[in-house]
Amino acid sequence: MSQENVEIVRSLQPGPDVDLVALFRDDAAASGWIDTVSPFFHEDCEIVVPTLVAGESVGFVGLVGLRAAWLDWLEPWESYRVEIEDVIDSGDEVVVLPRDYGRRTGMAAEVGLMGAAVWTVRDGKVARVVFHFNRSEALEAAGVSE
């Protein structure tokens, strides 16, 4: 089942040319995205996002909550894209190692971030996604050694 979980999670990742600012800020585009991915998420899936205060996080529920989390994160960005470096099988959990690139309003250059997310899959659907600023923490949380 775990390889199936990896494939589910991998299929839900945005392509490297998808501007997440354009996707999530546009109501019609976001609604279409939710319709497309909703069969792969539990209706009450939990989304956990770290805050800039060490050790603190905020939770969201469902795909509307996932969009709200992204909108919050994307607030200062003019464009934002993600390149997936690796997707790691850890049984019911799948670790995604992305390299994010964003450009703030008025800036010419992109900045990069190497974070991680731990996706929990139950019964073939995403039940929880926990985003991490630190890859080591994400790998440890999923029981994966570096």
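# Briefing on a predicted protein model

P14 is placed in the loop that runs between α1 (2-11) and α2 (20-25). The structure that holds this residue is a predicted model. The protein has five helices and seven strands.

**Overall architecture**

- Read from the N terminus, the elements of the protein follow the order α-α-α-β-β-α-β-β-β-β-β-α. The radius of gyration is 15 Å, close to the 15 Å that the globule rule gives for 146 residues, so the protein is as compact as a globular protein of that length.
- The C-alpha trace spans about 45 × 35 × 30 Å along its principal axes.
- Buried residues make up 41% of the 146 residues of the protein.
- The accessible surface of the protein amounts to about 7900 Å², and carbon and sulfur atoms account for 52% of that surface.
- When contacts between residues at least 6 apart in sequence are considered, 53% of them join residues at least 24 apart.

- Is P14 buried, partly exposed or exposed? The relative accessible area of P14 is 25%, so this residue counts as partly exposed.
- With its neighbours within four places in sequence left aside, P14 is in contact with L20 and V82.
- P14 and S38 are separated by 24 residues in sequence, and their C-alpha atoms lie 15 Å apart in space.

**D100, a buried charged residue**

- D100 belongs to strand β4, which covers residues 93-104.
- Although D100 is buried, it has no salt bridge. The nearest side chain of opposite charge is that of R135, at 7.0 Å. A salt bridge requires the nitrogen and the carboxyl oxygen to be within 4 Å.
- Which side chain makes a polar contact with the side chain of D100? The partner is the side chain of Y80, at 2.7 Å.

**Salt bridges between elements**

- Side chains of opposite charge can pair when their charged atoms come close.
- How many salt bridges does a search of the whole structure find? The search finds seven.
- R103 and E78 form a salt bridge in which the closest N and O atoms are 3.2 Å apart. This pair links distant parts of the chain, with R103 in strand β4 and E78 in strand β3 (residues 77-90), 25 residues apart.
- R103 is partly exposed, because its relative accessibility is 22%. E78 is also partly exposed, with a relative accessible area of 36%.
- R99 forms a salt bridge with E85, and the closest N and O atoms of this pair are 2.5 Å apart. Because R99 lies in strand β4 and E85 in strand β3, the pair ties together parts that are 14 residues apart in sequence.
- R99 counts as partly exposed at 28% relative accessibility, and E85 is partly exposed with a relative accessible area of 38%.
- E85 also forms a salt bridge with R135, where the closest N and O atoms are 2.9 Å apart. E85 lies in strand β3 and R135 in helix α5 (residues 135-141), so this pair ties together parts that are 50 residues apart in sequence.
- R135 counts as buried, because its relative accessibility is 16% and the limit for a buried residue is under 20%.
- Salt bridges with shared partners join R81, E83 and E110 into one network.

**D123, a residue with positive phi**

- D123 is found in the loop between β6 (116-122) and β7 (125-132).
- Most residues other than glycine have a negative phi. The phi of D123, by contrast, is near 55°, a positive value in a residue other than glycine.
- Is D123 buried or exposed? D123 is exposed, with a relative accessible area of 72%.

Conventions: Residues numbered from 1 in each chain as written. Predicted model: local features only at pLDDT ≥ 70, side-chain atom pairs only at ≥ 80, totals over all residues. Heavy atoms only, no water. Helix = DSSP H or I, 4+ residues; strand = E, 2+ residues; numbered from the N terminus. Buried < 20%, exposed > 50% of the residue type's maximum accessible area, 1.4 Å probe, protein only. Lys, Arg positive; Asp, Glu negative; His and termini not counted. Polar contact = N/O pair within 3.5 Å; in protein donor to acceptor, adjacent residues only side chain to side chain. Rg over C-alpha atoms; globule rule 2.2 N^0.38 Å. Contact = heavy atoms within 4.5 Å. Areas by Shrake-Rupley, 256 points an atom, 1.4 Å probe, with all protein chains shown as cover.
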